[in-house]
Amino acid sequence: MPAISKSVVIDTLFDALSQLPDFEYSKDELFDILKQTDIKYKIPSDINTVKPTNPYLEFLRHNKPKQFGDNKALSEQWAIIKQDPSQLQFYNQQSKQINLQRGFSFDDDGSLIKSNLSSNQKIKQQILFYKNNCNTPSKPIFYGKKFTPLAQFKEFLKSKFHYPSTYSFSKSDLDSHKTSFDFNPKIYSNELPWFQYIENNMTF
């Protein structure tokens with residue numbers, strides 16, 4: 001039987017630790033800490049993807065026992081809660097609020113629209129959420145680092161074509177837009193529609 005790889009051991013350990021009720025770090029945060037060490041490992045492909053929560057997961061977060069054991073009682077309790085609209089509404093609201101903070105959106109019918117925010121984007125969004133007195137910013141969030149002419153141009157394009165601020169242009173599409181709008185990174189003045197677009201139209 002082949003030996004279990006170090007990456008599998010780390011992933012399994014971090015997953016188990018993050019599930020402990022009194023453990024203060026999430027799985028993503030543990031991997032962020034590990035990045036600061038000299039340990040060589042392979043990051044799981046889904047670790048930088050922000051995942052949504054749901055009412056049942058919020059129920060478990062509030063009611064998970066301090067020690068491992070039989071979860072039958074929890075299952076029975078959840079079955080009762082699902083039949084009680086007032087109790088179920090509490091966990092629905094909890095999960096919706098957390099999903100909004102994580103960058104997820106909702107359709108008109110209330111169904112969740114999944115997001116692919118990276119961990120860094122999630123952190124920036126949560127920082128802006130709290131800086132805005134725990135309200136979602138009214139302007140789109142700029143997730144970049146520098147206000148270069150190209151960055152301004154990209155955000156202008158996203159707005160013009162109704163793309164979310166997390167959208168990434170393919171190289172061919174971006175090249176096509178550069179040609180259409182005569183984009184030149186060396187020419188940057190207030191006569192251009194993307195001049196200081198980020199500063200005037202986005203949260204950063």
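These legends accompany close-up views of a predicted model of one protein chain.

View 1. From the N terminus, the order is α-α-α-α-α-β-β-α-α-α-α. The chain has 204 residues, and 25% of them count as buried. Its accessible surface is about 14200 Å². Carbon and sulfur atoms make up 52% of that surface. Now take the contacts with a separation of 6 or more: 53% of them join residues 24 or more positions apart.

**View 2. Helix α1 has buried residues along one face.** Helix α1 covers residues 6-18, which is 13 residues. At 1.5 Å a residue, α1 should span 18 Å. Which residues of α1 are buried? They are Ile10, Phe14 and Ser18. Seen down the axis of α1, the buried residues fall within an arc of 55 degrees, so they line one face of the helix. An α-helix has 3.6 residues a turn, so residues three or four places apart point the same way.

**View 3. Ser95 is a buried residue of helix α5.** Helix α5 runs over residues 85-101 and includes Ser95. Is Ser95 buried or exposed? Its relative accessibility is 5%, and buried means under 20%, so Ser95 counts as buried. The Ser95 side chain reaches the backbone oxygen of Asn92 at 2.9 Å. Setting aside neighbours within four places in sequence, Ser95 is in contact with Thr53, Asn54, Pro55 and Glu58.

**View 4. Phe181 and Trp194 form one of the aromatic pairs.** The structure holds 21 aromatic pairs. In this one, the ring centres of Phe181 and Trp194 are 6.5 Å apart. Their planes meet at 85 degrees, so the pair is edge-to-face. Both residues lie in the loop between α8 (171-180) and α9 (197-201), 13 residues apart. Phe181 is partly exposed, with a relative accessible area of 24%. Trp194 is buried, at 2%.

**View 5. Trp194 also pairs with Phe183.** The ring centres of Phe183 and Trp194 are 5.9 Å apart. Their planes lie at 55 degrees, so this pair is tilted. Phe183 and Trp194 are eleven residues apart, in the loop between α8 and α9. Both Phe183 and Trp194 are buried.

**View 6. Ring pairs build an aromatic cluster.** Which residues belong to the cluster? Ring pairs link Phe153, Phe156, Phe181, Phe183, Trp194 and Tyr197.

How values were computed: Residues numbered from 1 in each chain as written. Predicted model: local features only at pLDDT ≥ 70, side-chain atom pairs only at ≥ 80, totals over all residues. Heavy atoms only, no water. Helix = DSSP H or I, 4+ residues; strand = E, 2+ residues; numbered from the N terminus. Buried < 20%, exposed > 50% of the residue type's maximum accessible area, 1.4 Å probe, protein only. Contact = heavy atoms within 4.5 Å. Areas by Shrake-Rupley, 256 points an atom, 1.4 Å probe, with all protein chains shown as cover. Expected span 1.5 Å × (residues − 1). Arc of directions from axis to C-beta. Polar contact = N/O pair within 3.5 Å; in protein donor to acceptor, adjacent residues only side chain to side chain. Phe/Tyr/Trp six-rings, centres within 6.5 Å; stacked < 30°, edge-to-face > 60°.
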